[in-house]
Amino acid sequence: LYSSAASDVYKRQEYILYRNIIIDKIGEIDLKDSEAAIHNLIVPMRTSFKSGTKMNDVYNNNAWLLDDKYMSYTTILSDLEMTSLLKEIAIDGEQVESDDSRPDIAVVFSNNPNDSDVVKFDIVVVELKKLGLKLAKKEELVSQLKQRARKLLQHYPDRIQRIWFYGIIDFDDEFVRSLKEEDYLEVYSGGKYFYKESNIIPCL
């Protein structure tokens, strides 16, 4: 028999082992693997997760691979239509424009409605690309992220506080040069990261 405290320790150890297994699997991704293989390891495609079910979803949702803070989400949408993301920001009963484009992963956070008269949102959008793509396909990643930002700001400029956009892709000399030409700054940490703040003009 386990005490409650011992059981909690066991669950934490089990979860740490689970995370290590997922990290190892990410490290094994290579050129033969599809974009879907990467996607499903982070968040299974065509799924959504809500804050109220976090404890049940802990072994199905690996958004912590991007950043542990993203596990404090209100909603995560994986490979679901942009319409679904817009509905997360809309007021109940508000009509939402149909948009069948599919962000790879979208994470929505809302502020505490008790602290403000208006609910505000922070949004993370992630686009993924398989390994080994040609330069033109890699450069499409930046364009995709901008398109998502324009669409969100077109509809809800007053309800969105901040938007972060992530592109997950392999780097080669050509693509690094392309990013530097667009004034992306390399962030020196474990791995290779490039960062840039952008001014986005909403769609008219």
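Below are my entries on pockets, a cavity and a surface patch.

Before anything else, I note that this is a predicted model.

**Largest pocket.** I looked up the volume and got about 1600 Å³. Its lining runs to 44 residues, and Phe-165, Tyr-166, Gly-167, Ile-168 and Phe-194 are the ones closest to the centre. I then checked which elements give two or more residues to this lining: α1 (4-27), α2 (35-42), α5 (135-155), β5 (160-168), α6 (173-181), β6 (185-189) and β7. The most comes from β5, with nine residues. By class I have 29 nonpolar, six polar and nine charged residues in the lining.

**Second largest pocket.** This one has a volume of about 290 Å³. Among the residues lining it I wrote down Lys-11, Arg-12, Tyr-15, Met-55 and Tyr-73. Helices α1 and α3 (54-57) each give two or more residues, and α1 has the largest share with four. The lining splits into six nonpolar, no polar and four charged residues.

**Cavity.** Leu-77, Asp-79, Leu-80, Glu-81, Leu-85, Pro-103 and Ala-106 line it. Five of these count as nonpolar and two as charged.

**Surface patch.** Val-187, Tyr-193 and Tyr-195 make a nonpolar patch of about 290 Å². I placed Tyr-193 in strand β7 (residues 191-195). Is Tyr-193 buried or partly exposed? Its relative accessibility is 45%, so I put it down as partly exposed.

Notes:
Residues numbered from 1 in each chain as written. Predicted model: local features only at pLDDT ≥ 70, side-chain atom pairs only at ≥ 80, totals over all residues. Heavy atoms only, no water. 1 Å grid on protein atoms, 1.4 Å probe; cavity = no way out; pocket = protein on both sides within 12 Å on 5 of 7 lines; lining within 4 Å. Nonpolar A, V, L, I, M, F, W, Y, C, P; charged D, E, K, R; others polar. Patch = residues over 30% accessible without salt bridge, like charges linked within 9 Å, V, L, I, M, F, W, Y side chains within 5 Å. Areas by Shrake-Rupley, 256 points an atom, 1.4 Å probe, with all protein chains shown as cover. Salt bridge = Lys/Arg side-chain N within 4 Å of Asp/Glu carboxyl O. Buried < 20%, exposed > 50% of the residue type's maximum accessible area, 1.4 Å probe, protein only. Points joined across faces, edges and corners; volume = space filled by probe spheres on them.
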